[in-house]
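I opened this notebook to keep track of what I looked up, one topic at a time. The entries below follow the order in which I went through the structure.

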Amino acid sequence: MHDLNLMVAGPQGSGINFTSDSFAKLMTREGYQVFTNAELFSTIKGEHSYFRVRVCKDIIRSYSERIDILIPLDSKSVLLHVKELSKDGSIIYEDKLDDPRHAIIPYNDILQTVATKFGKALSEFNVMKNTVALAGATKMIGIDKEKLKKIISENFASRPKIAEMNNAIVDEVYAEFKPSKTFDLEPVTYKKRMLINSTHAVGMGKMVAGLKFQSYYPITPASDESNYLETIMDKYDFVVEQTEDEIAAINMAIAAANTGLRAATSTSGPGFSLMVEALSYAGMTETPVVIFYYQRAGPATGMPTRHEQGDLKYALSAGHGEFPRVLIAPGDHKEAFYDTVEAFNIAEKYQLPVIVLLDKAMAMSNYTVDLFDLSKTRIDRGKLILKETKDYLRYRFTEDGISPRSVPGVKGGLVTIAGDEHDEDGHIFTEDADNRIKMMDKRMHKTSSILKEVPPDMKVKFYGKPENKKVIVSWGSAKGPILDAMEVVKDVSLLQIRMMEPFPVEAVMKYLNGKTIIDVEQNYSGQLADLLREKTGLEAISRIVKFNGRPIAFEEMVQVLSKPKLGKREVLSYD
Amino acid sequence: MISTAATPPAKPQSYRTNVEIDWCPGCGDFGILNALVLALQEMKIPNEDVVLTGGIGCSSKIPHYVNVNTLHTLHGRSLVQAQAVKMANPRLEVISASGDGDGLGIGSAHFVAAGRRNVDLTYILFNNGVYGLTKGQASPTLPYGEMPKSIETENLKFPVNPLFLGLASGFTFVARSYSYNIKHLKETLIRAMKHRGLALVDVMQPCVTYNNINTKEFYDPRLYDIEKEGWNPAANNEEEYKQKLPQAVAKSMEWGDRIPMGVFIDYQTETYDQKLQKLVPDYGKKNYVMEPIDSAGKPLNDITKLMESFC
């Protein structure tokens with residue numbers, strides 16, 4: 001078979017993520033491309049959650065509606081997901097099912113044998129039922145059991161006894177389970193790849209960028225990134241500070257940036273809302289701070305663990321007054337890595353706040369990525385002054401609007417940062433009308449330099465045949481299912497818009513002028529289509545949207561793009 | 001007010017800028033500015049190694065009058081930005097200024113959280129009971145039932161006691177001084193700056209324009225120095241701290257005919273930079289600011305091992 005789809009479903013806290021993560025890792029090490037999708041309930045224990053793992057020898061960027069192997073860990077999961085199981089699929093479940101697809105594994109006998117071997121009661125092994133199922137699945141796919149055992153040992157490195165018990169279960173399943181059906185994936189040539197999500201990609205990007213200060217307040221799905229950074233701060237010698245609230249988080253990042261460090265904060269919608277006053281302050285004070293904004297389904301608390309791209313317009317316009325900002329939206333983990341490095345360069349070079357707009361799907365969907373090419377990364381700190389200087393003025397007028405930037409500790413370069421309108425030396429006792437015009441011009445002028453100087457593929461990326469009449473415009477993680485669908489629906493191309501502010505009008509016009517434009521977004525209204533109209537006057541003939549909290553599935557994308565006539569508004573709803 | 005494109009440069013080594021001060025004549029803020037400048041002169045810290053942050057309000061404009069690095073931040077954010085400056089570069093002498101509205105109203109979450117960290121910096125609270133810059137509304141420290149001439153109705157809220165809250169939050173140096181007693185204030189600021197840890201200096205600072213109750217005439221006969229009456233605030237270990245803290249709290253609650261000033265607690269314990277070393281062993285050894293992150297544009301950090309960990 002070309003691609004295999006496995007789902008692990010069950011109550012939160014029953015080991016479903018352990019099972020799916022182990023499987024994904026195993027297949028990554030086999031050399032396959034892996035794509036995962038996590039649908040978690042916003043709770044710690046008990047509620048129904050499910051993980052999908054898709055495996056293929058070729059690149060895959062979306063999940064499938066089809067399940068080939070279903071591992072439900074409770075009866076509710078059987079009822080909810082059996083409808084997605086393909087007719088040739090298998091369901092691995094401990095109790096007897098009236099379904100020919102049921103792969104029967106003697107759970108009880110296996111666990112009893114292992115319990116006896118370890119001199120323990122059977123009840124202690126109930127929590128390891130997921131390992132029975134996982135080993136059953138890998139046996140049906142024909143994976144060497146030692147490879148699975150190695151991953152289990154790594155996962156339980158700090159608890160070797162638990163690893164040993166789980167591995168004994170693997171041995172027992174491989175010995176006792178005689179599957180009536182096997183899944184034969186097309187063979188693959190091994191290639192080393194990482195299995196990561198965007199929180200890892202951003203975290204690694206920040207290390208390359210030389211980040212020294214990250215502040216954050218816990219929030220789903222952004223805090224995974226800060227928590228990852230916490231695990232490596234001892235090795236890379238930098239500070240991750242958990243603050244009292246998001247107001248503190250952004251203010252600390254701003255202050256650290258003005259002290260001379262590369263500084264960032266990471267958050268999601270509700271947290272970003274608290275940061276908005278300080279965002280405006282960063283614009284006024286020309287502070288190079290970078291905000292990593294992982295969108296989730298809103299408004300208000302919304303659905304904290306679910307996906308949405310609903311904050312584009314908000315991130316573009318948040319903050320009182322007019323000030324320049326840069327907004328970049330990576331569309332996959334690889335872009336998230338390189339964009340992160342570049343975001344700090346842009347922030348320091350142009351001395352302004354940069355927002356990197358990500359989303360829940362990117363934060364929680366692990367998939368395989370080639371190792372990053374570090375030779376493509378670079379650092380540009382702009383007009384930073386770290387050596388003795390004189391006649392220094394923090395906001396000196398220059399031709400390009402960018403002033404030399406000293407930091408505290410530099411002799412002769414006293415820094416005066418002010419959020420009030422200020423004169424060249426940062427003092428605020430001028431509300432002089434001419435000074436106001438010059439300062440506004442100085443700040444706002446930066447955007448035109450950015451549009452000129454930022455490399456073309458940071459602004460937009462074009463995929464597909466240039467001669468196609470139909471062009472999709474989209475952004476962020478919607479790119480994955482679109483690119484996958486384009487391998488089936490070949491008469492449509494994609495223009496991925498990557499930099500929304502300043503908006504690259506010329507680049508967009510170059511690809512879209514005279515085309516039939518189809519907008520695809522994971523929000524209710526089609527915010528990018530609105531932005532496109534505002535900036536270029538171009539109108540999408542159809543807005544394909546999805547806002548039920550789940551990312552777009554491969555099949556529904558193919559289906560809607562294959563329609564002979566698209567409606568003005570097409571709502572996707574697969575869950 | 002003079003409006004020019006650029007203010008004339010200050011004299012070298014002077015701790016005052018030439019920026020014209022826009023406080024009302026007779027404002028208690030002048031005393032704090034003078035005491036701070038005197039303290040800096042006496043301590044002889046190079047101007048470029050001092051950072052002064054302010055929030056928003058009359059008092060928070062003080063950064064513009066002191067010739068050091070200054071961050072004029074947002075309303076309520078003076079203390080939180082000051083902590084990040086010190087964390088980013090522990091070699092700097094960091095002072096944070098803020099009014100009682102700025103620090104204990106809109107910024108109160110930061111005030112409490114700051115106590116939990118114990119970053120080595122000095123926080124000066126300009127305490128006058130009103131929001132001066134917005135024409136005298138009641139601030140969090142205005143006593144219950146009071147009605148200064150600037151407000152239309154009596155104050156229905158209980159006041160926050162900055163000393164008590166500072167002690168409760170974990171500030172390791174808590175003091176009160178008075179803007180018309182420059183000598184005491186200067187000495188207190190020097191002690192606060194020399195203290196290793198988070199220092200609060202609550203300064204009784206009359207607002208001559210809006211607060212006609214808490215005036216010089218009100219404070220002069222009431223303020224007394226607890227240290228002159230035998231109180232020793234020093235706590236050199238946890239045991240002494242636990243023993244002295246309740247007494248310091250009791251003293252901090254005095255208000256009426258006699259109002260205490262002086263240092264209430266001076267506790268030497270782990271500062272935040274020392275605590276950070278538990279998580280980041282090399283923290284503070286290198287100067288993050290001056291340490292290069294690239295060599296001719298090539299990043300110096302190698303992430304090969306990080307990438308390997310995901311394979």
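Domain bounds, as I use them here, come from an automatic or database domain assignment. With that in hand, I noted that chain A is divided into domain 1 (3-176), domain 2 (195-376), domain 3 (383-454) and domain 4 (456-572).

Before going further I wrote down that this is a predicted model, in which local features need pLDDT of at least 70 and side-chain atom pairs count only at pLDDT 80 or more, while totals for chains, interfaces and linings use all residues. Residues are numbered from 1 along each chain as its sequence is written, and chains are lettered from A and ligands numbered from 1 in the order in which they are written.

Entry on two domains of chain A. I looked up domain 1 and domain 4 of chain A and found their C-alpha centres 36 Å apart.

Entry on the two chains. How many residues of chain B are in contact with chain A? I noted 55 residues of chain B, which are in contact with 65 residues of chain A. Helices (H or I, at least four residues) and strands (E, at least two) are DSSP runs, numbered from the N terminus. Among the elements of chain B that each supply at least two residues of the side touching chain A are β2 (69-72), α2 (78-88) and α4 (108-117). The largest share of that side, 7 residues, comes from α2(B). By class, the residues of the side of chain B that touches chain A divide into 31 nonpolar, 15 polar and 9 charged.

Entry on β2(B). Two strands pair if DSSP finds at least two bridges between them. I saw that strand β17 (residues 416-418) of chain A pairs with β2(B) in the parallel sense over 3 bridges, with B:L71 as the bridge partner of A:I417 and B:H72 as that of A:A418. Within chain B, strand β1 (residues 50-54) runs parallel to β2(B) and is joined to β2(B) by 4 bridges; here B:L71 is the bridge partner of B:T53. A residue is buried if 20 or more other C-beta atoms lie within 10 Å of its own, exposed if 12 or fewer, and partly exposed in between, with C-beta atoms placed from the backbone.

Entry on the backbone. Most residues other than glycine have a negative phi, and most peptide bonds are trans. I therefore looked for exceptions. A cis peptide bond joins A:T220 and A:P221, with omega about -5°, and A:P221 lies in the loop between β8 (213-216) and α8 (223-236) of chain A. The phi of B:N118 is near 65°, a positive value in a residue other than glycine, and B:N118 sits in the loop between α4 and β4 (121-127) of chain B. Is B:N118 buried or exposed? I noted that B:N118 counts as buried because 24 C-beta neighbours lie inside 10 Å.

Terms used: Contact = placed C-beta atoms within 7 Å. Nonpolar A, V, L, I, M, F, W, Y, C, P; charged D, E, K, R; others polar.
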